[in-house]
Amino acid sequence: MALGPEHPGRVRGVGAGISPRQFFNLPRPQRVKFADQLKESVRIVLQEETKKMEARTKQLVEAEREHLLSQLSHLIPNFDPSMLKPKTSPMNPMSDKASCSGADVRSLHLEDDTARNGEQQEQTKSGALDNQDEEKREENKDEQKMGETIDEGKKEEEKENKDEGKEEDTNVEEKKEEKQDEEKHDEEGDEVLDYSNVEVPSSLQSLCGYVETTLKPQGKIMTFNIEKEVFGADRSTFVLHEDITQFAGMEEIGATVVAVYMRCLYDLLREANMCSMVGFIDPAQVSANAGSLTDRSRIVASRLQKTDGEQIFMMPYNPGRHWVLLIVRAKRETVYFLDPLPGNRVVDEEGKNIVNSALKIYNSHIGRPCRKAPIWKTLPGTPKQPSSVECGYYVMRFMRDIIMDPSLEFEKKFAKGKDQAPYPQAAIDEVRKEWAEFVCLHMD
């Protein structure tokens, strides 16, 4: 009775004007609109549904992958399912064939050997079905247009009848000759290539014979295990019969062929006790579209971290349809650029960023302050390729010439003013012979 009547929103015994929120230090209630509540609830539901869909998609992908593996195991003898597993190091980009023409170097999309080997059967089947559908659609279109063109054709025939009598005999003869040429071409395409008449080293001829007698008829591939000492990590790769025939015909080559030759050169380094002087960087892991720029920089940096004093690292690099050679000397923060194409060539910007970032990581690893920018030196005195497909062979020859000089005076050898004439064919054949001899060691 002394306190008087009850007043809502007041706290008894503390005086007038004090609300419960002030006395008890309560947060002010926030007003939430119904629309906002609805949006939040919809967002939560969508997140849950998205997670469920991703889980179902993952299950479907796994099921499709298992189905594909089972099909490939029946189609390809000795098929290894591990070749299609996600990998940290790209294997065998087979479409990095280098074909260059002057300054026009087009972009390149790398494909894995596994994709080329495994998807080829599926593409053939799906391509046949697509072609059938397209043929049906074209036939329907032709039938629709047929009625429209009949009347016009009749009018034109009346005008042309006079001239057709003279031209008919000539056209018949031309069609017969064209048909004979097509039949002759088809017969030639079915013939087995005779490599004995091709000017190739004897070891490469033997390898081509092995292709025709074993690899192609039996659908086999040649597998290589590249030791950790070569590229810094164990690496498995394989050579297809197309690689061998293209190599024998002096056609464009890919990263697999270059990597196998680098493994061959490693034996020469070991015999000359030069492994501490020269190292290699895997071209399949650093060339265009082999991964993100960051991943490729880390791969290069991991190799540089194993450098020993003045050791140099040779890095064949394909920015897109063309092979060049980069030589990295980490201790001096210097990179040398060797390009077999004639003219004033400059290094690809992406390749430059890869190496620059790798050198920064390397300097951070050894605790050395890095300079503002690494030194890039172009060596213009390299022999120049005579046409548009020899760049891969020339890069392989560059590496051989460098390691055959124990003093590693390649900077003077390829300096400005030196002879820029193409290599003689005998010099290129020497590289092809060594590559073929090494590959022959892996024949069954």
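**Packing, then a strand**

Guide: Start with tryptophan 435. Setting aside neighbours within four places in sequence, tryptophan 435 is in contact (heavy atoms within 4.5 Å) with Leu207, Ile244, Phe247, Val257, Val260, Tyr261 and Met396. This is a predicted model, where local features need pLDDT of at least 70 and side-chain atom pairs count only at pLDDT 80 or more, while totals for chains, interfaces and linings use all residues. Numbering runs from 1 along each chain as its sequence is written, and side-chain values use heavy atoms, with hydrogens and water left out.

Trp435 is one of the residues with the most contacts inside the largest nonpolar core; the others are Phe280 and Ile402. That core has 62 residues. A nonpolar core here is a set of buried Ala, Val, Leu, Ile, Met, Phe, Trp, Tyr and Cys residues joined through side-chain atoms within 4.5 Å. Buried means under 20% relative accessible area, exposed over 50%, and partly exposed in between (1.4 Å probe, protein chains only). Helix H7, residues 255-271, supplies the largest share of this core, with 11 residues. Helices (H or I, at least four residues) and strands (E, at least two) are DSSP runs, numbered from the N terminus.

Now the strand to zoom in on. Strand E5 covers residues 324-329, so its place in the chain follows the DSSP numbering. Six of the six residues of E5 are buried. Both faces are covered. Val324, Leu326 and Val328 lie on one side, with Leu325, Ile327 and Arg329 on the other.

Two strands pair if DSSP finds at least two bridges between them. Strand E4, residues 312-317, pairs with E5 in the antiparallel sense over five bridges. Tyrosine 317 stands opposite valine 324. Six residues separate E4 and E5 in their hairpin, and glycine 320 in the turn has a positive phi of about 145 degrees. E6 also runs antiparallel to E5, joined by five bridges. Here valine 328 stands opposite valine 335.

Most residues other than glycine have a negative phi. Glutamate 333 sits in the loop between E5 and strand E6 (334-338). It is buried, at 6% relative accessible area. Leucine 408 also has a positive phi, about 55 degrees, and is not a glycine. Leucine 408 belongs to the loop between helix H11 (391-403) and helix H12 (410-413). Leucine 408 is buried, at 10%.

Next, the cysteines. A disulfide is a pair of cysteine sulfur atoms within 2.5 Å. The count is zero. Cysteine 208 is buried at 0% relative accessibility. Cysteine 275 is partly exposed at 28%.

Finally, the whole chain. It holds 13 helices and seven strands. Of its 444 residues, 37% count as buried. Among contacts with a separation of 6 or more, 67% join residues 24 or more positions apart.
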